[in-house]
Amino acid sequence: MSVMPPKKSKWNSCLKPIGVIVGVVLGPMLLWEFFSGRVDDTFHPVTELPSTHRIRAEDWGDLALEGGYPGTGWVLLPEVHDEPHYQSTVLPESRGFLPAAACRECHESKYASFITTAHASTSAEPSLETILASFQAPRNLLQTADPDFWFTMDHTADGYFQQLNIRKNSRAYLHRRSIDLVLGSGNHGQSYLSWEGDRLYQMHVSYLTELDQWVNSPGMYYDGTADFSRPVPVRCLECHATWFAEARNAVNRFDRHHYLLGVTCVRCHGPGLEHVEYHREFPSASVAHRITNPSTLSQDRLNELCAQCHSAGEPIAPAFTYLPGEPLSHYLELDLAADDANNADPHSANQLARLMKSQCYIKGENLTCITCHDPHADQRGQLADFSRKCLKCHTQEACGESNISGSTKETRCIDCHMPARRDQQVKVETKLGAVTALLRDHKIGVWPLVSEQILNGLQEPHQNLQSVPNPASQEAE
Ligand code: HEC
Ligand code: HEC
Ligand code: HEC
Ligand code: HEC
Ligand code: HEC
Ligand code: HEC
Ligand code: HEC
């Protein structure tokens with residue numbers, strides 16, 4: 001008797017309902033018994049298996065990057081440390097970093113629309129609202145190609161969990177880790193982070209929105225292995241959160257109690273404490289005090305404000321020190337050459353470098369990210385609105401494509417000239433094969449194959465952008 005689903009071969013349609021009942025009813029009972037110690041010989045910790053290894057955060061990089069990554073069936077867990085939790089003496093407020101809520105009293109409408117954006121929700125505490133993946137059986141399962149190796153996700157009064165299950169020599173092994181932070185708004189997917197002491201690790205199981213499923217995390221998380229030992233470097237949090245305090249002596253030690261989640265106002269407007277205090281003291285002052293309005297910045301400084309997170313590059317200054325309006329080159333060696341369509345470290349589609357390759361940027365005047373994007377609004381999917389931005393500089397007639405015209409053409413500029421494409425850098429392994437992320441190309445150009453597909457699709461009611469050929473393959477010029 002076990003909580004595990006029967007082997008695949010036996011999983012036929014008549015056993016299925018029984019299996020589900022066994023899983024749903026007996027599963028939690030047995031788990032409860034296990035944790036209350038009553039049938040402690042039923043489950044064993046995975047640490048009893050010889051294929052399980054504890055990895056030091058400092059060693060993970062060598063292991064993964066130098067080809068030492070173990071094969072199927074292996075389990076990597078973080079080293080356990082008994083050091084006292086790191087407490088930073090520098091708190092976000094002391095650097096003027098305030099949460100978005102601090103701006104609300106005077107900027108209510110900006111606040112209200114901002115909190116609907118992907119920036120606002122790109123990191124969050126776990127909850128049934130913030131975790132988009134399902135905890136309902138059978139959808140709470142990640143089955144690997146090995147029928148004896150799978151993950152189940154569940155939540156209890158104590159939190160949200162990923163559980164690794166292994167069956168070996170008719171014994172059952174398991175390992176549970178709690179989901180402590182959620183990364184990603186879910187436009188594309190979410191990854192989950194877990195604390196071991198004050199060290200932060202990425203979890204093996206992520207969520208892919210396109211499949212609406214739990215999946216192996218993207219990038220070097222192999223199907224049929226379990227890796228809970230990958231340290232989360234501060235750079236990951238620098239792009240996905242407003243503030244974290246990092247201990248100097250480790251790659252992934254942070255102050256667990258003082259951080260600001262979401263990419264919020266102060267990351268684009270600079271520290272806001274003095275601004276808030278001033279305007280509270282002088283409520284009738286109508287000229288803004290001590291805050292950056294990015295629309296007053298030069299083209300380069302404004303694009304760099306976004307490029308601190310939307311580009312590839314080598315950091316050359318401590319995290320969370322860049323301030324809007326400063327030259328980004330003092331903080332990050334931007335890699336504008338790394339601009340082929342399938343780039344870029346880490347998984348951002350390198351929007352600035354791609355945009356800078358466009359004639360619109362080279363010959364146009366003052367083209368910036370905010371020519372098209374309003375950072376305070378959720379504009380996702382509003383492709384007709386985006387197309388109107390093109391008409392700031394172009395007329396419909398300037399377009400040489402004569403097979404469509406009028407309003408159909410006007411709402412479709414984006415589809416043909418900034419196609420979405422599969423980014424080979426963001427790859428998820430599934431038991432059925434690899435899935436890559438669909439990201440918008442910011443090199444505005446003429447892609448004849450794409451245009452052809454769009455034109456063909458216009459005749460069919462539900463044309464699917466996902467089948468558009470990769471413009472990278474057309475980049476012969
Ligand atoms: C106590 C009221 C108050 C609070 C709180 C407040 N602001 Fe302001 N803010 C103002 C006033 C007044 C202005 C000037 C009038 C205007 O532009 O709306 C202003 C203007 C601004 C501007 C435009 C600056 C310019 O030069 O045009 C930005 C950007 C801004 N605030 C950001 C923020 C951010 C970010 C926060 C939260 C960290 C914040 N504000 C909190 C009162 C406040
Ligand atoms: C501190 C890092 C950071 C800064 C600064 C930043 N972004 Fe982002 N941005 C992100 C991250 C992370 C995401 C992915 C959010 C998600 O979906 O989880 C994102 C997502 C986006 C998206 C996609 C939103 C959607 O729903 O489709 C746009 C557009 C965008 N950013 C534009 C900008 C622009 C324009 C600027 C500059 C004014 C900027 N960003 C500044 C980190 C940043
Ligand atoms: C240099 C900045 C940067 C770093 C470092 C970074 N990210 Fe991202 N991440 C982004 C941006 C920007 C996006 C949005 C994708 C895009 O459109 O370019 C994103 C998207 C994501 C998404 C998908 C969110 C969505 O849109 O649904 C996840 C999940 C994610 N990142 C996790 C991570 C994790 C985990 C790490 C660290 C191990 C990390 N990222 C490091 C900038 C960064
Ligand atoms: C991703 C970067 C980003 C974030 C996050 C962001 N802003 Fe802005 N904000 C900008 C940019 C760029 C401009 C100038 C362009 C514009 O006006 O849209 C701006 C302009 C403003 C202005 C002055 C212009 C106006 O329309 O009144 C205010 C006030 C403001 N933001 C407040 C906020 C507040 C409050 C928050 C958080 C609730 C916030 N912003 C979050 C980038 C950002
Ligand atoms: C800031 C003004 C500006 C904006 C906004 C703009 N463009 Fe352009 N674009 C230009 C200029 C200038 C050129 C160069 C024209 C020339 O060489 O005669 C250009 C060139 C082009 C080309 C020719 C590209 C090539 O490689 O030959 C296309 C296609 C194009 N734009 C489409 C668009 C689309 C679609 C949008 C909206 C997503 C857009 N542009 C937004 C200014 C702009
Ligand atoms: C000429 C218009 C234009 C400019 C300029 C522009 N973008 Fe975009 N961007 C778009 C469009 C259109 C989309 C697709 C939106 C959608 O699919 O909902 C997009 C999507 C994005 C996304 C989401 C990518 C994805 O597929 O999830 C990010 C991130 C982003 N832009 C960042 C930037 C940054 C950073 C800059 C400045 C370097 C910038 N954009 C400049 C038009 C533009
Ligand atoms: C169905 C796909 C499609 C749509 C929709 C579309 N275009 Fe085009 N566009 C093309 C193709 C293909 C070309 C190249 C035509 C040629 O030169 O033979 C082109 C050429 C262009 C050029 C470059 C002209 C030149 O030779 O320098 C510009 C600018 C342009 N389009 C802008 C736009 C704008 C703005 C919109 C929206 C109002 C738009 N396009 C909508 C497919 C499209």
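Buried residues account for 34% of the 477 residues in the chain of this predicted model. The chain's secondary structure comprises 15 helices and 21 strands. Among contacts with a separation of 6 or more, 58% link residues 24 or more positions apart.

Two ligand sites were examined. Ligand 2 is surrounded by 21 residues. Thr122, Ser185, Cys306, Cys309 and Cys369 are the closest of these. Helices contribute to this shell: H5 (234–240), H6 (265–269), H8 and H11 supply at least two residues each. Domain 2 (43–291) and domain 3 (292–474) each provide at least three of its residues. By class, ten residues of the ligand 2 shell are nonpolar, nine are polar and two are charged.

Ligand 6 has 23 residues around it. His310, Gln351, Cys369, Cys372 and Phe386 come nearest. At least two shell residues come from each of helices H8 (299–307), H9 (351–356), H11 (369–372) and H12 (383–390). Strand E21 (433–440) likewise supplies at least two. Twelve residues of the ligand 6 shell are nonpolar, eight are polar and three are charged.

Helices H8 and H11 supply at least two residues each to the shell around ligand 2, and at least two each to the shell around ligand 6.

Helix H8 was then considered for burial. Its buried residues are Leu302, Asn303, Glu304, Leu305, Cys306 and Ala307. Elements covering these buried residues include H6, strand E19 (332–334), H9 and H11.

Notes. Residues numbered from 1 in each chain as written. Chains lettered and ligands numbered in written order. Predicted model: local features only at pLDDT ≥ 70, side-chain atom pairs only at ≥ 80, totals over all residues. Near = placed C-beta within 6 Å. Helix = DSSP H or I, 4+ residues; strand = E, 2+ residues; numbered from the N terminus. Nonpolar A, V, L, I, M, F, W, Y, C, P; charged D, E, K, R; others polar. Domains from an automatic or database assignment. Buried ≥ 20, exposed ≤ 12 C-beta atoms within 10 Å, placed from the backbone. Contact = placed C-beta atoms within 7 Å.
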